[in-house]
Amino acid sequence: MKKNVVLFSKIPVEQQKRLEQAFNLTIFTSSPDADKDAFTKALINADGIIGSNMATRVDDIFLANAPNLKAASTISVGFDNYDLAALKKRGIRLMNTPTVLTEGTADLIFTLLMATARRTVELSNLIHNGKWTKSITPDYYGTDIYGKTLGILGMGRIGKAIAKRAHCGFDMNILYYNRSAHQDVEQKYQAIRCELDDLLKQADFVVVILPLTPETTHLITKKKLALMKPSAILINGARGKIIDQQALGEALKNKIIRAAGLDVFEVEPLPMDSPLLKLDNILLSPHVGSATTETRYAMAKCAVDNIIAALQSDKPTANWVNPEVG
Ligand code: DGY
């Protein structure tokens with residue numbers, strides 16, 4: 001008998017067809033966060049769920065409404081909204097989509113770094129607003145990237161792809177902060193592992209690409225920002241909650257650091273009354289690290305492969321993030 005699966009994200013038609021062939025598929029079209037009650041109802045008979053990282057926390061309370069759930073496939077690399085202890089109690093497998101989004105996300109982070117350094121959006125707006133009436137004066141100059149020092153917080157797949165771009169393309173000196181050492185980046189890109197405070201003091205650019213965990217929540221506080229150079233630029237392509245956003249807003253306003261480029265925020269979408277929107281030394285993007293046609297297609301396919309493998313076999317499957325559930 002076919003198993004029941006709830007799909008709660010829009011995915012390419014051919015990938016949706018694969019799900020329809022394999023399962024009794026319930027398609028939940030509105031966002032689970034927007035209509036929690038309807039989503040809860042859809043979960044009652046679900047053996048599996050598949051969709052992209054949502055604001056709703058998948059914890060004991062959520063799982064109490066999904067008594068048959070055996071597998072969850074998130075169309076994202078991050079899975080911080082899943083309570084792994086709650087999944088373990090219920091023996092529920094969780095799979096994610098790493099690898100396929102590595103290069104695209106590294107590209108976006110580098111885009112933010114370059115555009116923030118060279119003030120691309122600000123200068124483009126200047127032209128749009130009819131203010132390019134004479135040669136640009138020094139108050140609009142950007143800052144060099146080539147040969148500068150890049151500090152990377154987190155040396156997973158994406159951290160390594162950023163290090164490659166920085167070393168091979170921009171001859172940057174690379175410092176990194178990570179729980180464990182990575183000899184490959186140390187050898188290939190001469191990256192140097194260091195303590196967080198040392199990295200913050202020395203780096204011209206700091207890129208955050210750590211997973212969100214209790215240890216990394218508000219890792220970057222007012223005190224840490226004060227360690228950075230006044231000329232430094234901070235980029236966050238990981239999760240908003242890793243940086244104390246209010247402290248960052250104040251640091252940018254008071255020129256404690258030069259600028260920031262953010263793809264992620266403590267609350268998403270960013271509320272329109274956010275003080276960040278009043279700053280001109282910040283570049284914002286709406287959580288689009290993996291948002292290219294090719295990468296989003298590959299993520300959807302990977303997540304469909306994951307849920308089919310998990311619900312059609314008891315064997316270990318690829319991209320299984322909590323193998324301890326057995
Ligand atoms: C990811 O894949 O984790 C992206 O940040 C989307 O949530």
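Me: How much space lies in the second largest pocket?
Reply: The structure is a predicted model, and the volume is computed from its atoms. For the second largest pocket, the space comes to about 340 Å³.

Me: Which residues lie nearest the centre of the second largest pocket?
Reply: The lining of this pocket is made up of 15 residues. By class, six of them are nonpolar, four polar and five charged. Nearest the centre lie R119, E122, D280, N281 and I282.

Me: Which element gives the largest share of the lining of the second largest pocket?
Reply: Three elements supply at least two lining residues each: helix 5 (102-117), helix 6 (120-128) and strand 12 (282-284). The largest share is four residues, and it comes from helix 6.

Me: How many cavities of 30 Å³ or more are found in the whole structure?
Reply: A cavity differs from a pocket in that a 1.4 Å probe fits inside but cannot get out. The largest cavity holds about 30 Å³ of space. With 30 Å³ or more as the limit, a search of the whole structure gives one.

Me: How many charged residues are in the lining of the largest cavity?
Reply: The lining consists of N236, G240, I243, Q245, L248, L262, V264 and F265. The lining has five nonpolar and three polar residues, and the number of charged ones is no residues at all.

Me: Which residues are around the ligand, and how many of that shell are charged?
Reply: The residues around the ligand are N53, S76, V77, G78, L101, R239 and H287. By class, the shell has two nonpolar and four polar residues, and the charged count is one.

Me: How much of the ligand's accessible area does the protein cover?
Reply: On its own, the ligand has 230 Å² of accessible area. The part of this that the protein covers is 84%.

Me: Which residue is joined to P269 by a cis peptide bond?
Reply: P269 is in the loop between strand 11 (259-262) and strand 12. The cis bond has an omega of about -10 degrees.

Me: What is the phi of T99, and where is T99 found?
Reply: T99 is not a glycine, yet its phi is positive, near 65 degrees. Q190, also not a glycine, has a positive phi of about 50 degrees, and is found in the loop between helix 8 (183-189) and strand 8 (192-193). T99 itself is in the loop between strand 5 (93-95) and helix 5.

Me: How far apart in space are D244 and I220?
Reply: D244 is in the loop between strand 10 (233-236) and helix 11 (245-253). Leaving out residues up to four places away in sequence, D244 touches H218, I220, T221 and E266. D244 and I220 are 24 residues apart along the sequence, while their C-alpha atoms are separated by 6.1 Å.

Me: What separates the C-alpha atoms of Q16 and A42?
Reply: Q16 is part of helix 1 (residues 13-22). Beyond its neighbours within four places in sequence, Q16 is in contact with L7, I11, L25 and I27. A42 is 26 residues from Q16 along the chain, and the C-alpha separation is 17 Å.

Terms used
Residues numbered from 1 in each chain as written. Predicted model: local features only at pLDDT ≥ 70, side-chain atom pairs only at ≥ 80, totals over all residues. Heavy atoms only, no water. 1 Å grid on protein atoms, 1.4 Å probe; cavity = no way out; pocket = protein on both sides within 12 Å on 5 of 7 lines; lining within 4 Å. Points joined across faces, edges and corners; volume = space filled by probe spheres on them. Nonpolar A, V, L, I, M, F, W, Y, C, P; charged D, E, K, R; others polar. Near = heavy atom within 4 Å. Areas by Shrake-Rupley, 256 points an atom, 1.4 Å probe, with all protein chains shown as cover. Contact = heavy atoms within 4.5 Å.
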